[in-house]
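Trainee: Could you walk me through this model, one question at a time?
Mentor: Gladly, let's look at it together.

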Amino acid sequence: MTVSSANTELPLRDLLPGGADLKIEEASDGHAVITVDRTRLLGVLEALRDRPELKCNLLADVCGVDYPDREDRFEVVYHLASLEHLHRFRVKVPVAEGDAVVPSAYGVYKAADWFEREAYDMFGIRFEGHPNLKRILTHDAFQGHPLRKDYDPGQRWFLTDAETMVPEWATATSEDDDQFETQVLNLGPSHPATHGTLRTVVRLDGEVITRAECEIGYLHRCFEKMSETHGWQQVIPYTDRLNYCSSMMNGVGYALAAEHMLGVEAPPRAQVVRVILSELSRVMDHCVCLGANLVDLGALTNFWYFFQPREEIYGLLEACAGGRLTVSYARIGGLAHDVPADFVERVRFLLGYIPKFIDDVDKLVTRNRIFRDRTEGVGVISGEEALAWGWTGPCLRASGVPYDVRRAWPYMGYQDYDFEVPVATTGDTYARYLVRMEEMRQSLRIVEQALERLPDGPVITDNHHVALPPKSKVYSEMESLIWHFKLIYEGIKIPAGDGYFFTEGANGELGYYLVSDGGGKPYRIKVRPPCFAVFQTYPHMLVGHMVADSIAIMGSLNIIAGELDR
Amino acid sequence: MTRNPSTVNVDQPESSLADRSHLLPIFNGLAVTLRHFLRNLFGQRDVATIQYPEVKRQYSERLRGRHILTTKDDGSLRCVACYMCETVCPADCIHIVAEEDPNATVEWEKKPLVFEIDLLRCVFCGYCVDACPKQALIMSREHEMAFTTRAEAVVGIEQLRQKGPIEEQDLGYRPYY
């Protein structure tokens, strides 16, 4: 991932308000890091968004980091990107513990909505002016802020009062213009159509939704805290459980992030195998998303047709990695082991097998009037609106913004593959279906090209500060055994510093913000889950739609609870 | 390196009159499902489902199933209680207590007094197998594990120990490189 080096060439000090005394430096990942006082944060963010030379239209992530030894204990980090100029910025705001208040960026970027709530939940940093600042991932009865360094990772809270979240507006009775009382309805948390445990409270006027609010966090296990108590390499099995429909891509994204911090690169064979399996995982993820979305709309057959190729891909992943759902195949520095001998044959078979099913679904659904009537004009969002909310991935492309990380900031050699980014303009549920269908075909094109150029050679780096030495040497050589011991007991030592690295996951930009203190364990890992940004828009999209449409919209957004709640 | 994405527009045209009639797309759809049905009935069956548990899926030799503690020729464990697997375990599900091995040829050699794996905590990632420097811990393909109590899921040396010659085990994930 070569991030634009244009960052430092920009006359940032002239462009930003009060730029003369801002602290601006270039981080190891090539992003310009701007440290700003909280009183000037909003001015800087506005300038970053509005100045034509900067034009940062995407707020990718907001997160907190805890440094108990510093005078200003907390740091709020904003990750910004300009999809036009292809540059990235990181804005840091240090705040002291006793006065951990930062102005909310919600007025500048709507995307800050849930990300700020998460930072509040995890660190207790308050965001002044936020419209709905309350806990998001943990329950209201939770005490303390789990990602603070002084919070004991073993601490558990038993929920004794089964109090459920009821939004204030839901308790008040209200009447509509015709003096009919409106009704409050719970969608979820446990319902087949919510595809996970998500709860949406809606107020209905007849069958039309007039207001909605989501409650998430049912699947929260604080993966980020768990990572801090284990070594860098041990985080990979955790990442499998983020977006569990395409677990390979999470592991690859994380491994790439750690490799960038370390300055090592996986061998070419590992890179190509990663591309092949990632793209097949993308196909699989879209199969699940579309299949389930269609089931919700009453088209069951497509689900079977999509799950057949998915089953075959799982078979291939199992033959490579030894696990179907949670593959744990990527390693920092390469892959756990080489692919089986019949790998190429099996992938070739899949390349001929999968398109038949995509075509069948295409014939069944794409021109079907019932489907079109149910999805066209449902859940419409414009490109600008989607970007403001922090959308990425197929949902954003369905609104006409051709942003794909594989093209914008290529990694793993994606710049050498010939593929097209599918874009639709209408931004409705139907468009999201069309984009995903085409993406599956494009992914297969990439797999085909990758297979042509699959080189021979090792699949993991021979740098034994990073990767375990081959087993045959561990059994027979003293030196290798020592490397093995040191790596297991001390872990990989990533140089101190921070970096934000991102790949194109099945749902969009999957980012990892890694902070290392030079020890064998991560100091802080923040995942930017693509569907978190997408789902925060969901309650706003529902207004004016019917209950049945809410299910169609949710299915098309592809919410994966493992990634949403972490 | 191209930075301007080559895009393909996937917008669909307005429905044609034939599409709007409901009938043509429905007949097209019926042709697809009928083709699948007839092929599976008379021709080449392409069905992903299997009649589990009568029929079981054949997994690869890399499947990460239940662990096996391998033994030497004399039946004693190969494990030297080095704690590597316990250290590397992302789920913290391995618990080892070491003791001195009275039969050791080298002084101070250890063997495990207690070696427990909590199979309910285990995520079957295979890191313990990768970490073992003695090939004392490998995985089998046994993946159907059900327990009636939590305590039953914590298995010790006797349950994990290799039973019979290694060739007769249903071997799964082992060190590959």
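Trainee: Which strand pairs with β3(B), and over how many bridges?
Mentor: This is a predicted model, in which local features need pLDDT of at least 70 and side-chain atom pairs count only at pLDDT 80 or more, while totals for chains, interfaces and linings use all residues. Residues are numbered from 1 along each chain as its sequence is written, with chains lettered from A and ligands numbered from 1 in the order in which they are written. Strands here are DSSP runs of E with at least two residues, helices are runs of H or I with at least four, both numbered from the N terminus, and two strands pair if DSSP finds at least two bridges between them. Strand β3 (residues 94-100) of chain B runs antiparallel to its partner, β4 (residues 110-118) of chain B, over seven bridges.

Trainee: Which residue of β4(B) is the bridge partner of Ile96(B)?
Mentor: Ile96(B) has its bridge partner in β4(B). That partner is Phe115(B).

Trainee: And which residue of β6(B) is the bridge partner of Ile117(B)?
Mentor: β4(B) is also joined, by two antiparallel bridges, to strand β6 (residues 154-155) of chain B. There, the partner of Ile117(B) is Val155(B).

Trainee: Which element gives the largest share of the side of chain B that touches chain A?
Mentor: Counting contacts as C-beta atoms, placed from the backbone, within 7 Å, 43 residues of chain B meet 51 residues of chain A. Elements giving two or more residues to that side of chain B include β1 (7-9), α3 (84-88) and α4 (127-131) of chain B. The largest share, five residues, comes from α2(B).

Trainee: Which residue of β1(B) is the bridge partner of Pro422(A)?
Mentor: Strand β13 (residues 421-423) of chain A pairs with β1(B) in the parallel sense, over three bridges. Within β1(B), Pro422(A) is partnered by Val8(B).

Trainee: Why do the buried residues of α3(A) line one face of the helix?
Mentor: A residue is buried if 20 or more other C-beta atoms lie within 10 Å of its own, exposed if 12 or fewer, and partly exposed in between, with C-beta atoms placed from the backbone. In α3 (residues 41-50) of chain A, the buried ones are Leu41(A), Val44(A), Leu45(A) and Leu48(A). Taking directions from the helix axis to the C-beta atoms, they line one face because they fall within an arc of 100 degrees.

Trainee: What covers the buried residues of α3(A)?
Mentor: The cover comes in part from strands of chain A. It includes β2 (32-35), β4 (74-82), β5 (87-95) and β6 (101-103) of chain A.

Technical notes: Contact = placed C-beta atoms within 7 Å.
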